[in-house]
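Visitor: I have a model open and want to learn to read it feature by feature. Where shall we start?

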Protein chains: 2
Amino acid sequence: MATLIKEIQLDGRTTDVLIEGNRFQQIDANLQAPEAMVLDGRGMAILPSFVNMHTHASMTLLRSYADDLELHDWLENHIWPLESRMTEEDIYHGARLACLEMIKSGTTCFNDMYWLFHGTARAVEEMGLRAMLSSVFIDFSDEAKAREQRDSTERLFGESQRYSDRIGFALGPHALYTVSKESLQWVKKFAAENNLLIHIHVSETEKEVQDCLARYGLRPVQWLEKIGLLGPNVIAAHVIHVTEEEMGILARNDVKVVHNPVSNMKLAAGSFPFRRMQAAGVQMSLGTDGCSSNNNLSMMEEMKVAALHAKLIHNDPTVLPAHTAFEMATVNGARALGLDCGEIAVGKLADCILVDLANHRLVPGYRLEDDIVYSADSSCVDTVICDGKILMRGGRVDREEEIVDEARAYKKKFQ
Amino acid sequence: MATLIKEIQLDGRTTDVLIEGNRFQQIDANLQAPEAMVLDGRGMAILPSFVNMHTHASMTLLRSYADDLELHDWLENHIWPLESRMTEEDIYHGARLACLEMIKSGTTCFNDMYWLFHGTARAVEEMGLRAMLSSVFIDFSDEAKAREQRDSTERLFGESQRYSDRIGFALGPHALYTVSKESLQWVKKFAAENNLLIHIHVSETEKEVQDCLARYGLRPVQWLEKIGLLGPNVIAAHVIHVTEEEMGILARNDVKVVHNPVSNMKLAAGSFPFRRMQAAGVQMSLGTDGCSSNNNLSMMEEMKVAALHAKLIHNDPTVLPAHTAFEMATVNGARALGLDCGEIAVGKLADCILVDLANHRLVPGYRLEDDIVYSADSSCVDTVICDGKILMRGGRVDREEEIVDEARAYKKKFQ
């Protein structure tokens, strides 16, 4: 299967883009491909689609279920009780809604951590996105629970092979305060043996830091390094409450840090030290977190809020400019996941969006990247392509009414 | 002219809404109005449309023209030189683009300050919005300039009467560092004589405060009170760098404060002390500021960022909940402008939006207000009504392609 996009804007010039199979095959003027389906690219620009590096996708079903609450009240009295009722079928419907929302706002790849793996995997498979999925690993330092979690991780890893190449399996130890040291070390070993990524929450709250200091006499990043968890295959979400020394540890171990500014602000978790992370040489990407703490999955909004947050925190309007935000939302995430996407270039995976240059939010149009980061919303995205396949055209996604209808039923079911 | 909206959701129940002339005439089930045009409201909810309380509308033409720069470099080397080239025709095209963008994102009323009054007024008249327009008054304490500004203000006030009731005239002294004390006092007197509002920037930067202290031995709000400017007809934009005493002065004088979180963060102007303002009893609404420091006019985004900013600054996720953000973006602004809109109630001006409850961003749909503040974007807005007239239906605005085409021409013209 081939797709030829004719006369599209790429980095300010007009070109043709040929996709064969799931990769960009040729990018040049006046391409011919008689067998290919032709997309008229006139009036549009091609950009890499977004990579959302920290999600709990099915939490779309908890969107606006409980807002503006204190963190522990929110989790213990609202989120956890509802989550405990969710079945694999619920997870599937929530993840389908998440995939729909991501496609609509230009995201084709996400790094997820949530319960009931197959519910999410089925939705991703059907909807055509790319995802790195981890089941949540929590043992609360209970040995029986730890055994059960290790067994289910091994089983799920085996079962995950049944899905297409778009779906990767990662390990999802929730956090150092919910997983025992022995289990974290088991995770590290299992990941090394099977060449897997590890997705973990790190230093999201000050409480986590204080508890870790009280328990181990070390700060979270120091302790995670000591027990051997850190390395280039670790994706650490949040990472707010860290010292310069810890940032040095993260950089030295090539840990991939995911910044979630909207969630961090909404829950008042704290301020992400962007400039100090950058100075320390830490690799950073962006994530929306789940819909219960955001309440959407828009990477456009996340880029803007990341830039605004950094400028405010560092009292400097030049920090985290549009180009950096755009890279954090695309190629940085792709690299962290070891995926060959996030850029429009020959040989790369064909994951991209076509944006409508006549959308009023992109006008007059001096700098497309600035417009996308600071002005755009989902209405600017016309076409979405993932793995060489068209997931949205003219703003329409296949079967979107059905997906929405089934998700709307949860209002009565969960309220 | 009458419009009957059938079977629409209002505050969670289904009702009919009858608009006659420019006001809500009846809100009840099973209304009959044989002469009225009927809108099918099924699957939608009616909400007050947004009131954007601080704009420089025609700066849409400067969208993404210069980002991520230090404030004075940005103003002096990029914004001002371009502004000095803008003609009334340019202002008209910029304001039309702004009106289009506002309609698309559910805003029907804005409080503007910009050059070349008639350019903006013509655009608002044509596009059907409601606006309070002030020409910028700047004299740099030059007496000849002051005389000229006073004359042109008097002339414009007279000329402004030619427009419809949707367009109000306000006085726009730029700031205390660009307008002499005598001119500010003249503005106060002219406003009192003609029952006009005064729109002014106050304490946007720390530099303004330091300069005021050095010059007058008083902080800006203290000094503005001393010279007699403050009162219930004053709309003060930004108001970031203020002490408790100044907040008390603002509350005592019933000054209307406009919070502009996106602009303040993007320019690293400082943190708005929301909770302390609230405790002092200050009236607060929301504004986007101009497109060169935002870079859009979305009040949905502004509500979310206002909530996120307050939670971060005060380290408390319960501060500035969704309902407060929604009120700041609607009825608070309407009241500050002395307008009878911002609420869906019998007798109020018929300014409203119909949102599509099947939009994926509003699903499952536990709390509409939370969804609008934290999840929605412009794609959720189906219909926009201002002054009883339909400005958008099914996401389409009359002549939108023409408006965009003319604004896109500025890319070549201004670059």
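Visitor: Where is B:N253 found in chain B?

Guide: This is a predicted model. B:N253 sits in the loop between α8 (244-252) and β12 (256-259) of chain B.

Visitor: Is B:N253 buried or exposed?

Guide: The cut-off for buried is under 20% relative accessible area. B:N253 has 18% relative accessibility, so it counts as buried.

Visitor: Which residues does B:N253 touch, leaving out those up to four places away in sequence?

Guide: B:E225, B:L230, B:G231 and B:P232.

Visitor: Now helices. Which residues are buried in α15 of chain A?

Guide: Helix α15 spans residues 400-408 of chain A, and A:E400, A:I403, A:V404 and A:A407 are buried there. Their arc around the axis is only 95 degrees, so they lie on the same side of α15(A).

Visitor: What do the buried residues of α15(A) pack against?

Guide: Four elements of chain A: α2 (88-104), α3 (117-127), β17 (396-397) and α16 (410-414).

Visitor: And which residues are buried in α12 of chain B?

Guide: In α12(B), residues 322-329, the buried ones are B:A322, B:A325, B:F326, B:M328 and B:A329. They cover an arc of only 160 degrees around the axis, which puts them on the same side of α12(B).

Visitor: On to aromatic rings. What describes a pair?

Guide: Two values: the distance of the centres and the angle of the planes. Here the count is 20 aromatic pairs over all chains. Take A:F137 and A:W186: the ring centres are 6.1 Å apart and the planes are at 35 degrees, so this pair is tilted.

Visitor: Which parts of the chain does that pair link?

Guide: Distant ones: A:F137 is in strand β8 (residues 130-137) of chain A, and A:W186 is in helix α5 (residues 181-194) of chain A. They are 49 residues apart. Both A:F137 and A:W186 are buried.

Visitor: What kind of pair do B:W186 and B:F190 form?

Guide: A stacked one, with 5.0 Å centre to centre and 15 degrees between the planes. B:W186 and B:F190 lie in helix α5 (residues 181-194) of chain B, 4 residues apart, about one turn of the helix. Both are buried.

Visitor: Which residues form one aromatic cluster in chain A?

Guide: A:F117, A:F137, A:F157, A:Y163, A:F169, A:W186 and A:F190.

Visitor: Charges can also sit over rings. Which residue lies over the face of B:Y92?

Guide: B:R122, at 4.0 Å from the ring centre. Another case involves both chains: the charged end of B:K266 sits over the ring of A:Y374, 4.7 Å from its centre.

Visitor: Next, strands. In which sense do β2 and β3 of chain A pair?

Guide: In a regular strand the side chains alternate between the two faces of the sheet. As for pairing, β2(A), residues 13-20, and β3(A), residues 23-28, are antiparallel, over 5 bridges. One bridge joins A:L18 to A:Q26 in β3(A). The two strands form a hairpin with 2 residues between them. In the turn, A:G21 has a positive phi of about 60 degrees.

Visitor: Last, the whole chain. How many helices and strands has chain A?

Guide: 16 helices and 17 strands. For 415 residues, a compact globule would have a radius of gyration near 22 Å; chain A has 21 Å, which agrees. Its C-alpha trace spans about 65 × 45 × 45 Å along the principal axes. Of its 415 residues, 66% count as buried.

Visitor: What share of contacts in chain A joins residues at least 24 apart?

Guide: 72%, among contacts between residues at least 6 apart in sequence.

Terms used: Residues are numbered from 1 along each chain as its sequence is written. Chains are lettered from A and ligands numbered from 1 in the order in which they are written. This is a predicted model: local features need pLDDT of at least 70, side-chain atom pairs count only at pLDDT 80 or more; totals for chains, interfaces and linings use all residues. Side-chain values use heavy atoms; hydrogens and water are left out. Two strands pair if DSSP finds at least two bridges between them. Rings of Phe, Tyr and Trp (its six-membered ring) pair if their centres lie within 6.5 Å; planes under 30 degrees apart count as stacked, over 60 as edge-to-face and the rest as tilted. Buried means under 20% relative accessible area, exposed over 50%, partly exposed in between (1.4 Å probe, protein chains only). A charge sits over a ring if NZ of Lys or CZ of Arg is within 6 Å of the ring centre and within 35 degrees of the ring normal. The arc is that of the directions from the helix axis to the C-beta atoms. The radius of gyration is taken over C-alpha atoms; the globule rule is 2.2 Å times the number of residues to the power 0.38. Contact means heavy atoms within 4.5 Å.
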